[in-house]
Amino acid sequence: MENTRQSRAARDFIRVWTVIVLIFIYLPVICDALSSLSKSRYFSFPIKRWSMDWWVKTFNSMEIGELVRNSLVIAFAVTIISTVIAFCGALAFARYDWKGKKFFQKAILLPIFFPQPVLGLALLLWFNSIGVPLSWKTAAFAHLVWITPIVTLVIAIAVYGFDPALEDAARDLGASRFQIFRMVTLPVLWPGVWSGMLFAFLLSWGNFPLSLYTTGIDNTVPKWLYSKMVAGYSPMVPTLGTMSTLAAAVVMIAGGAAVYFIRKARSRNS
Amino acid sequence: MSDKNAEKIAKPSLIARIQDLIASKGGRCAMPVYILMLLGFIAPLAMVAGFSVAEPKSFTAFTSFSLANFAALFEGSVWKSFAWSIGLAAFTTAILVPICYPVAVGMVRVFGRMGSLAVSVLSVFPMFVSENVRLYGWILFFTKKGILDGTLALLNGQGPDVLYTPGMTAFGMVYTYLPYMLFPIVLGVALVPPDLITAARDLGASRFRTWREIELPLAMPGVLIGMLLTFVLSAGAVAESKIVGGESVMVVTNEVNVAFSYSQNWPMGAAFAVTLTFIIGALTIYAFRKIDLDKILGRA
Amino acid sequence: MTDKKTQEDQVPEIKAGATLLDLVHVCRSFDGVPVIKDVNLQIRKNEFFTLVGPSGSGKTTILKMLAGMDQPTTGDIVLGGKSISALPPDKRPTCMVFQFLALFPHMTVGQNIEFPMRIKGIPRDKRVYRAQELMDMVALPEKYYDKNVMKCSGGERQRVAIARAFAYDPEILLFDEPLSAIDAKLRKTLQRELKELHRKSGKTFIYITHSLEEAMFMSDRVGVLRSGVLEQVGTPEEIYRHPNSSFVASFIGDTNIFPVKARPQGGYESPDFPGMEIKIAPTPELLEGKLIVRPESLKVVKDPSEADNVIRCKLRDSFSLGSRSQYLLTSGKKEITLELPHGACGDGTSEVLLGWNAQDAIFVKE
């Protein structure tokens, strides 16, 4: 059947344009990867000698090991705490009808619609004023302020698709509140919760502007990269940057695959 | 009944609001988020506001009062930084709409299920890579003997000398905030029932008129959210001007940072931050009044 | 243990046909707006009772109060002599089949059916055995046990929902218009099966629908609800033959309703047919009311003497119903519908005489 909505030419244009945009998005990432594979201390293109030297060096660096540990600890803490808060928040956002709902739905977006560096500086001032020493904990808190609303939205989208009659039915069939939550609500919303966790982890892992002002002595990967960038070229910058990008890609693909297989397992059978 | 009416007439007090919150299931669920926002968003901003009216160079808020910090906005070059930030943000927003719109239409109507899933995964992924790493890639691309220059040299050419310029700052912002514009527009375009477009075409409207009079107005909530988000984020951005822009222009956040750290003048930095927050907040709250989130997100 | 608890909630032995559920002056209002207005209703054990009414008449509210998902504002719901108004849904011997079924999407057909038994702590082998029995009862093939519910067709899901409700082993099954989203042909089949299931199971069924046709087809007794007021309760036959209001009569299908009032000189007349005496049998006690004349009570006559009441009409339109036709005629400004074999009303060029006998019309107060 002929598609009357978009002409052939329009569809071709959209396809080509999308490919150009995707190339635009990934070109610098590829540049990072290429320069990490050059043996030379100073980058020049075309690359004369390819090598994995900088990968090995970066991988074996004690300092970088510490950074990765910090980034991971923050990311895990943020994932767990933000998902729990956001799960409740998503129910308030999309499941229940209550008096302050419309206000809540907009208030929760404010930290997303706020420049992160400014938020980071405000938090820095706040922590200083109330006498909280900066560490990975303050950085994790800063991440929570920005990430929890995003995770709330991600889970809320799943909650919108949730039929409240399922809970009524379970109750009518004799289930207690806790049983309803454990056997019906949570399993049905699980894919949304899992996506929310993935978002939380990855957004925290890659966050730079909040970490810049709130980590104190506990450096994270993006913050360390920044300090090296402004100090001059080191092949370790694109190398660690590429490693971090790859790690994020692996987590995203593995997490996405997990959601896919859970769904698949559920809908298996003829 | 009468209580209700009374409440509608008089604005509910804070205590009444908190009581409402605790009384309803939804309100109780919203509590943890509200507490987090209070401690991590409202309180820090209130503290910044407090500092902004303290005596210049003081390190405590709420003990002195002065408007001198706001006067500093018009002395020296700070107002230029504001102008640059707003200008760059407006430019970024204006240019990202036409860049993202066709991609969004493609994701909703052309690529099919798997295709648009692939495109959305590919365009959400950059959000998980810190912007400095991605911006650094552009330095490697544009620098002397970099990817572009090196490639052109093979053809006896030369790469353009664009790094560390205001134009490059704008380029960096367009690059960084592309996904933030794309996804709201996708939500917006998905709000347009395909039948309406078929119907409009069937009723004799040209493709352009259909787009102008049917598709765009219906997709507008998403486009507006994308524009707002992009504008707000790029108005407060700092990494682009520092990394690819080489501080060829000072942006507002940079000024705040300098006041906080090098100048050790917290009240002045706070005044800049408050001014920026005021602009952003006014814009956001104005736009938020016009949108219904249940409609935009709950459609699926 | 859980079993015992449920047993306690269960009603003392009540004979089939005796009153099982008693709604006593039940009222429900939302924010001060009354939605259910003083409903009194006795539902007998083992009967198939249907509450019927247009949307917004309050039938779902009543069903929710029976299920325990809502409470009456005033009045009481009594089950076997004990008030259950305040009992939560999981403590009542009732189970609901939801309008959109509310099947758990992350569970298979078998897991859905076993859910209430799992809650009760029934061991696995017994659960599986009972689930198979129930699937057999609702005519679901055995191999569906492991099928994903979301992959079942509309009719199959219906059966899963019913089997799941039976698995709870309730005294009373409540049905919230579960067939409304099913296409007409399948609906007829499912109605027949439901009726059969009711007969075999010996449970009490309370069903709500907006279709009186559906109600008449399945039920032992029907209650007609209008804006929160129970207008009439009776067997389908009673409701059809002796509707107590023009609302109930018009709810059943196309019907002709004429306002009538007593003439000063005796007999009755209608403003729809000025100057004509209308004969009503038996003669009503009221001076004013409405006369209901069903389409099948009307016939075409050649001579005014062939029926008690005869009116002159013009043919306006006709609609084929297959073997018969529905005709739309006008007499003055009044529109009249009737069903007759094709061509019975002529070709529309000349006047038609329509007549009905006094005892075929029904006189109601309003």
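**The contact of chain A with chain B**

Guide: The axes of helix H1 (residues 8-36) of chain A and helix H7 (residues 131-142) of chain B come within 7 Å and cross at roughly 75°. Axes here are lines fitted to C-alpha atoms, for helices over the stretch in contact, with angles running from 0 to 180 degrees between N-to-C directions. H1(A) is therefore roughly perpendicular to H7(B), a term for angles of 65 to 115 degrees. Helices (H or I, at least four residues) and strands (E, at least two) are DSSP runs, numbered from the N terminus.

This is a predicted model, in which local features need pLDDT of at least 70 and side-chain atom pairs count only at pLDDT 80 or more, while totals for chains, interfaces and linings use all residues. Residues are numbered from 1 along each chain as its sequence is written, and chains are lettered from A and ligands numbered from 1 in the order in which they are written.

On H1(A), the contact is made by Leu27(A), Pro28(A), Val29(A), Cys31(A), Asp32(A) and Ser35(A). H7(B) answers with Val133(B), Arg134(B), Tyr136(B), Gly137(B), Trp138(B), Leu140(B) and Phe141(B). Two residues are in contact if their C-beta atoms, placed from the backbone, lie within 7 Å. The residues of this helix pair comprise nine nonpolar, two polar and two charged. Ala, Val, Leu, Ile, Met, Phe, Trp, Tyr, Cys and Pro count as nonpolar, Asp, Glu, Lys and Arg as charged, and the others, Gly among them, as polar.

Between the two chains as a whole, 83 residues of chain A and 84 residues of chain B take part. Several helices of chain A give two or more residues to the side that touches chain B, among them H1, helix H3 (62-95), helix H6 (136-160) and helix H11 (236-266). H1(A) gives the most to that side, with 16 residues. By class, the side of chain A that touches chain B holds 58 nonpolar, 17 polar and eight charged residues.

Chain A also touches chain C, in a contact that takes 17 residues from chain A and 22 residues from chain C. Helix H7 (165-172) and H8 of chain A each supply at least two residues of this side, and H7(A) has the largest share, six residues. Here the residues of chain A divide into eight nonpolar, four polar and five charged.

Terms used: Angles under 35 degrees count as roughly parallel, over 145 as roughly antiparallel, 65 to 115 as roughly perpendicular and the rest as oblique.
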